[in-house]
Amino acid sequence: MKDFSKEMIDHILETAEKLESIAVMKERSDMLAGKVLAVLFFEPSTRTRMSFETAIIRLGGEVLSMGSVDASSISKGETLADTIRVVQSYADTIVLRHPKEGAARMASEFSQVPVINAGDGAGHHPTQTLLDLYTIKRESKLEGVKIALAGDMKYGRTVHSLCYALAHYGADITLVSPDELRMPYEIIKDLEARGMNVRQTDSIDEAITEVDVLYITRIQKERFPDPAEYLRVATSLQITPELLENAKSHLKIMHPLPRVNEIDPLVDNTPHACYFKQAFYGVPVRMALLALVMGGME
Amino acid sequence: MNHEHADFELEPGLRVRPIENGTVIDHINAGQALNVLHILKLPGQFESVVSVLINSPSKYGKKDVVKIENRELKVKELDKISLIAPSATINIIRDFKVLKKNRVKIPEYVEGVVQCINPNCISNSSEPITSKFRVYEEDNTINLRCVYCERIISENIADHLLRE
């Protein structure tokens, strides 16, 4: 995501906005008629895979799915490089999710057709970052947004990518996490060098009063050797209707989903809840990427 | 003794004699000489004389020096040496004279030289690729950023050199 310039990001987001009426079926499109998108997912996924499939179908193209890894030649020991060399001759673009970091970068070296990274292990997940930016743009404001990011700031690479992208928009960032899950110092240093104002706290109550957007992520149990400690941290970051009493009226709450217990279901019906809309925005954003990559739009 | 050759010779008393033909690697960061030998797979089956000086005093503090008789270096070996001894100079000796003297060049990229420290990096799997790193200097330290997973190696690079 660091490689994306502001102009490139803006262009993708503007394209997504143009395509949103197709995403909600107000208009029909055959922009990518006859084009084939290969969807190679080596790890389970619900939202990313389905929203890519919806995106190509809404634009009139076709999906070629590998199906499960167990039923494919990967289970016979085929390398990813060989799979890519074969599939690129069947499709116009490949969407890849793989457990190894750098898999999409490697795949692009073996493919004549574009490869879109739909997540590579603990590495990058750029289309998630783009849809997060789009959600902020549509539901709040991107330029100078005051945003709190809460949860695992240490290992959550999607949060890191989002911070780098927000640096283009002069965002004011508050990071909310327990001490043991603080964002790595090199990244903070890097963000500050890009002119960003970054604050750190472990109190969500304090952060929530100031911000336009609260982006919360799941804290993984396996990061904590002591289950009691995990429970203490997870509870301290939970979003409840009571907590929201001190929030700005226009505050939007985002979450990449799936959620476990980070957000009380009672929050779902408040005007602050934005996470299901965020999941929907994955469709126009991925439509925009496909349209731009597969030649439907420039 | 040719006077050019003298600048990596030591003060009178001559701890290591000049060589007739071969390579002198001078200005190696102190303490890295054995890693340089490891890169060059020396001594191994090599039969000529190899002299090693460790923590030798010089104008700029301590340094290591390696002299290898009857051997010149390959580009890949030079790339590896530049990562652990960026100030090293390579002196090619013919008939006791310095035929050529160059400082090692830090390459922009290195391929198949270092192993990525990230066990989950695609370059550490059975895929038909070699490791690839972008090399850059920051605060006088050599950093290697993996082209695939972007993990950065900035310490103990010698520990991650790939054996061929």
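Let us begin with chain B, which contains 3 helices and 9 strands. Followed along the sequence, these elements of chain B give the pattern α-β-α-β-β-α-β-β-β-β-β-β. Chain B has 164 residues, and 32% of them count as buried. If we take the contacts in chain B with a separation of 6 or more, 63% of them join residues 24 or more positions apart.

Please keep in mind that this is a predicted model. For chain B the mean pLDDT is 88, with 90% of the residues at 70 or more. For the complex, the predictor gives an ipTM of 0.87 and a pTM of 0.87.

I now turn to chain A, and in particular to helix 5, residues 126-139. How does helix 5 of chain A lie against helix 11 of chain A, roughly perpendicular or roughly parallel? The axes of these two helices come within 8 Å and cross at roughly 115°. Angles of 65 to 115 degrees count as roughly perpendicular, and helix 5 and helix 11 of chain A are therefore roughly perpendicular to each other. The crossing is right-handed.

Which residues meet there? From helix 5 of chain A, the contributors include Leu130(A), Leu131(A), Tyr134(A) and Arg138(A). Across from them, helix 11 of chain A, residues 275-293, supplies among others Tyr281(A), Gly282(A), Val285(A) and Leu289(A). By class, the residues of this contact divide into 6 nonpolar, 4 polar and 4 charged.

Helix 5 of chain A also packs with helix 6 of chain A, residues 157-166, where the axes come within 9 Å and cross at roughly 50°. That angle makes the two helices oblique to each other. Here, too, the crossing is right-handed. Pro126(A), Gln128(A), Thr129(A), Asp132(A) and Leu133(A) of helix 5 meet Thr158(A), Ser161(A), Leu162(A) and Ala165(A) of helix 6. The residues of this contact comprise 4 nonpolar, 4 polar and 1 charged.

Finally, the interface. How many residues of each chain take part? On chain A there are 12, in contact with 14 residues of chain B. Helix 3 (80-87) and helix 4 (103-110) of chain A each provide at least two residues of the side that touches chain B. Helix 4 of chain A gives the most, with 3 residues. In terms of class, that side of chain A has 5 nonpolar, 4 polar and 3 charged residues.

Thank you for your attention.

Methods. Residues numbered from 1 in each chain as written. Chains lettered and ligands numbered in written order. Predicted model: local features only at pLDDT ≥ 70, side-chain atom pairs only at ≥ 80, totals over all residues. Contact = placed C-beta atoms within 7 Å. Helix = DSSP H or I, 4+ residues; strand = E, 2+ residues; numbered from the N terminus. Nonpolar A, V, L, I, M, F, W, Y, C, P; charged D, E, K, R; others polar. Axes fitted to C-alpha atoms, helices over the stretch in contact; angles between N-to-C directions. Parallel < 35°, antiparallel > 145°, perpendicular 65-115°, else oblique. Left-handed = near helix turned anticlockwise from the far one by under 90°. Buried ≥ 20, exposed ≤ 12 C-beta atoms within 10 Å, placed from the backbone. pLDDT = per-residue confidence, 0-100.
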